[in-house]
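Take a look at the model below.

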Amino acid sequence: MINEILKANDYQFQIIQPIPSQNNRLLIEDANGQPWRMLSFVENSITFLSAPSLQVAFEAAKTFSYFLTTINTEKLPAIEDSLPNFLNFEKRVADYKNALKDAAPHLKENANIEIEITNQLLSLPDQWIEMEKTNQIPKRIIHADVKISNILFDQNHQPLAVIDLDTMMISTILYDFGTMIQSYTNAAHEDDGSAKNNFNPEMYKVVKEGFLFYLKEKLTPEESESLDYAAQVTIYIQELRFLTDYLNGSTYYSITHPEHNLDRTKNQLELLKGLREYLGANEFESRRV
């Protein structure tokens with residue numbers, strides 16, 4: 001459905017096509033019952049796990065801006081929710097509270113400082129939840145995984161294609177902006193729990209500029225005014241998910257050592273701290289900035 005919208009609106013980048021099997025199926029199972037599919041291949045393309053420069057980050061954000069502008073026509077397609085409750089922040093908070101209540105004592109002790117900070121910021125997503133419940137922000141088609149590795153570039157670092165459309169859903173476009181900031185502005189690897197001052201303000205500026213390049217005229221005043229707030233909430237929710245999984249015994253995210261999810265939690269809290277200092281947000285105040 002997304003590809004059909006792109007084609008109908010003269011989309012300028014390459015479109016990744018699913019390739020049907022010989023009996024015209026898009027998904028097949030092998031002898032072991034494992035599902036497989038095939039997609040079109042983009043020759044001589046490269047990807048980045050993190051932005052190699054401010055210019056590449058700007059081009060990536062601008063590419064997603066164009067992609068989101070193109071697919072958000074007047075009528076929303078009837079796409080199914082690929083990840084039910086993925087963006088249900090009320091449930092994310094409830095899951096954290098349950099994990100905290102049931103966590104093993106040694107895990108709570110290890111994460112004592114992070115739990116304290118998380119609890120002080122627990123009201124941060126409230127305004128987001130309220131805006132969605134009261135329809136203050138419109139429903140749009142979003143990519144939901146706008147990290148830079150989901151853009152193919154050519155050898156000169158020019159964008160070729162937006163990929164990995166599996167996560168696309170109908171929600172608030174604020175999440176895509178927040179995810180960009182969460183993934184692009186982190187100067188350290190997200191597994192680095194000892195990182196300090198890992199927020200890159202220059203990256204924030206260029207990503208926001210790129211995101212608004214095509215979307216500026218399409219966004220409502222409520223959406224535009226909430227971008228800085230959305231960046232904070234998205235980072236906080238990611239931190240909350242890492243901490244929840246740690247308290248649950250690390251059953252969701254892959255880990256390489258027992259404190260892996262706690263390291264990720266520390267990293268995101270440091271990122272959020274840097275962002276809030278940059279935006280001038282009071283340390284534990286929940287408000288739109």
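## The largest pocket

Sorted by class, the lining of the largest pocket has 14 nonpolar, 11 polar and 6 charged residues. The model is a predicted one. The space in this largest pocket comes to about 870 Å³. Its lining counts 31 residues, and D145, K147, Q182, S183 and E190 are the closest to the pocket centre.

Which elements give two or more residues to this lining? They are α3 (89-102), α7 (174-184), α10 and α11 (260-279).

## The second largest pocket

The second largest pocket has about 690 Å³ of volume. Its lining is made of 25 residues. Nearest its centre lie N3, P18, R37, L165 and D166.

Helix α1 (residues 2-8) supplies the largest share of this lining, with 4 residues. By class, the second largest pocket is lined by 15 nonpolar, 4 polar and 6 charged residues.

## A look at T244

T244 sits in helix α10, which covers residues 227-247. Is T244 buried or exposed? Its relative accessibility is 10%. Buried means under 20%, so T244 counts as buried.

What does T244 touch, leaving out residues up to four places away in sequence? The contacts are D95, Y96 and A99. K97 is 147 residues from T244 along the chain, yet their C-alpha atoms are 8.2 Å apart.

Notes. Residues numbered from 1 in each chain as written. Predicted model: local features only at pLDDT ≥ 70, side-chain atom pairs only at ≥ 80, totals over all residues. Heavy atoms only, no water. Buried < 20%, exposed > 50% of the residue type's maximum accessible area, 1.4 Å probe, protein only. Contact = heavy atoms within 4.5 Å. 1 Å grid on protein atoms, 1.4 Å probe; cavity = no way out; pocket = protein on both sides within 12 Å on 5 of 7 lines; lining within 4 Å. Points joined across faces, edges and corners; volume = space filled by probe spheres on them. Nonpolar A, V, L, I, M, F, W, Y, C, P; charged D, E, K, R; others polar.
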